[in-house]
Amino acid sequence: MKREVRIRAVRVETSGADIPAHWQRALRRADDFSRLAVLAGVGAMGADAETSPKEGRPDIGVFLGTTTGPLETNFRFLDTLFDNGEGQASPTLFSHSVHNAAVGYLARLLNLQGPALTLTSPGWPFLAALAEAQAALENTELAAALVVAAEEESPLLIEAGERLTVATGEWQADGEEQQESTACRRGAVAWLLEAVEPGVADGMRLREIMLAEQPSNPDFYLLRSGERFRPDAAARPAEVPRSLAAALALSRALEECSRRGEPSLHWQASAPCGRAEVLIELP
Amino acid sequence: MGDSAAAVAVSGLGCLSAAGLNLDEHRNALAGGEVNCGPVPAEIYATSLPFPVFSVAGDIRAVVGGLSTDEATMTAVAGLSRTGRLALAAALEAIARAGLDPASLRGRKVGVCLGTTVGCAFNDEDYYRAWRQGRRPPLAPLQRYLQGNISTALQAILQLAGPALVITNACASGTDAIGVAADWLRRGRCELAIAGGADALSRIAGNGFTSLLLTDADPCRPFDESRQGLNLGEGAGVLLLERRESATREGRRPQGWIRGFGTAGDAWHPTAPHPEGIGMQRAIAAALQGSSLQRRDISLINGHGTGTPANDLAETTAVAAVFGENGQVPLVSTKALTGHTLGAAGAIEAIFTLLALQAGKTVGSRRCRRPDPAFHYCPLAEDEERVLAGPIGLSQSLAFGGGNSGLILEAAS
């Protein structure tokens, strides 16, 4: 019989989050993208120990979804290439510019040796990662899955978005000088899912994910105009990447439902990139 | 992920790499045909690095034009990145070889799951250089990037209605994309799946691997005792997958089967494999378990075999642990035919594995003149040839981030 999927924990981290002292050495070379993913993942796992577990966990997988990956790290690598010349670029930055670097960190620090999947999709990669994790838990011997959304809205993207926001007529034309730089927006959301046998009564159950995505205009991927969530429990703070909005809205809606003691959450998303529904039963 | 209750049919294959512009040319290369490894062609990018690469020779747009008469497709090709063009060309070949017209797929629940690395990075150097100098370059390159996720782009061009995802598991992406797509089919998320991987040569990746001291200044020598590293390559491999009953119902004769898939992490190092290949061992075990096969059923192992000292040692150690130090299953690498095509590697190598299984024989890894005596498992040398004991083989991938994947394929009888 197909197993059920319990949502064990949800964690949100955004720019400016502090790294606990005992993780600072392990993360000393990590870029901010990986750090936030690790903070969210470690938080969801409840792994506050000062050292990594000695025993590996081949029965726990990591599923990470992202729209553009560590874009800012990619640009820092380009900086070293432009500034230092060919053959002199930074190996550390290159290895961190790979989209699955964050999953590598999570796996190493938490000694997770199960499947590790990084998914890149311009629409709702967290929902795609959630769906893959749910299927793996229902149909294989995997005991748990850490599902992470990690996003980085580079100043380059923010500036491009400002140029596209033409309604005020105050935007600058192509080729003109930029005005002032903006800080990179970063954020990560992590859910810990567990496989449980049917009939076990406790905890929230991830029942169904319906995801129907379609190609969209590139300007949507930049501005996310027309993206709607229901329920939408909280506004997106300014420091959070626009592409993290769905993961954040779903997580907040779940917290809100849980706080109010509601029996279920039927969360819906619609946008030019498609539509999605998530059904969760609460205890 | 390792569970696979039912074999999935491989109904069509398509590939481009330095080894050729289509499946037949890859078959010829596998049988001993010449493959060029040389400087990066100027039309791809200019570089002062002395490391040779394996580039796709010829006009990819012309390859697409030879496979599609659809005007909209040809218009869309112009807006695609080189990686996207490679992916589209391989997909169109796989669709054609399955006996399907791309137009017949429009609006149908056809999934697209492709692996890439370079193809998902915004590497427009001119745009970024101008931007960091405080200018506001025209947005077109950025818009192309945002619309250029290769799976979503193929979904748009072919007007498909199924799921679309890019797997970015570094060098295991192509293998993992096939595993994920096979799972979609088993779960009924789509009726057909375009699965595989694509990556184009890039100055960024060239400098990245050089900075890590992983590239060889000569043509690579996987598994050879004198190996010095990898050569980068480019290409795409696509498998058109469907459920057995779908192939039967439609009267399509499968080229082969996806029998199993397993993936596991090393939890060890950002860029180096675990020295004993523990993740690879577990990935093979998961693939075998999910397919209900035994290791004795495996007749060929197409290794990741990049030619780097660390990869080849870890991989042979893992193979020895699973198949025994005196194991008789031939272990080969095809990287000397294609270079390391990163996100495409697993898919192209799955296709090479199927081609060898179909032929019922394999030759040793090109330029592996003396397998490293330090290995616990002896790969097949260049001058060796083996008749395969059966139709089932294993294709392996290892990746940055500690990812390891094994894909079990069977040639159709």
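Between chain A and chain B of the predicted model, about 5800 Å² is buried (accessible area, 1.4 Å probe, lost by the two parts on being put together and summed over both), with carbon and sulfur atoms giving 58% of this area. Residues are numbered from 1 along each chain as its sequence is written, and chains are lettered from A in the order in which they are written. Local features need pLDDT of at least 70, side-chain atom pairs count only at pLDDT 80 or more, totals for chains, interfaces and linings use all residues, and side-chain values use heavy atoms, without hydrogens and water.

The contact (heavy atoms within 4.5 Å) involves 72 residues of chain A and 67 residues of chain B. Six salt bridges (a side-chain nitrogen of Lys or Arg within 4 Å of a carboxyl oxygen of Asp or Glu) are counted between chain A and chain B. One salt bridge joins the side chains of E132(A) and R189(B), at 3.8 Å from N to O.

Elements (DSSP runs numbered from the N terminus: helices, H or I, of at least four residues, and strands, E, of at least two) that give two or more residues to the side of chain A touching chain B include α3 (71-84), α6 (125-139) and β6 (204-213) of chain A. The largest share of this side, ten residues, is provided by α3(A).

Strand pairing (at least two DSSP bridges between two strands) also links the chains: β3(A) pairs with β3 of chain B (residues 164-167) in the antiparallel sense, over two bridges. Within this pairing, T120(A) lies opposite V166(B) of β3(B).
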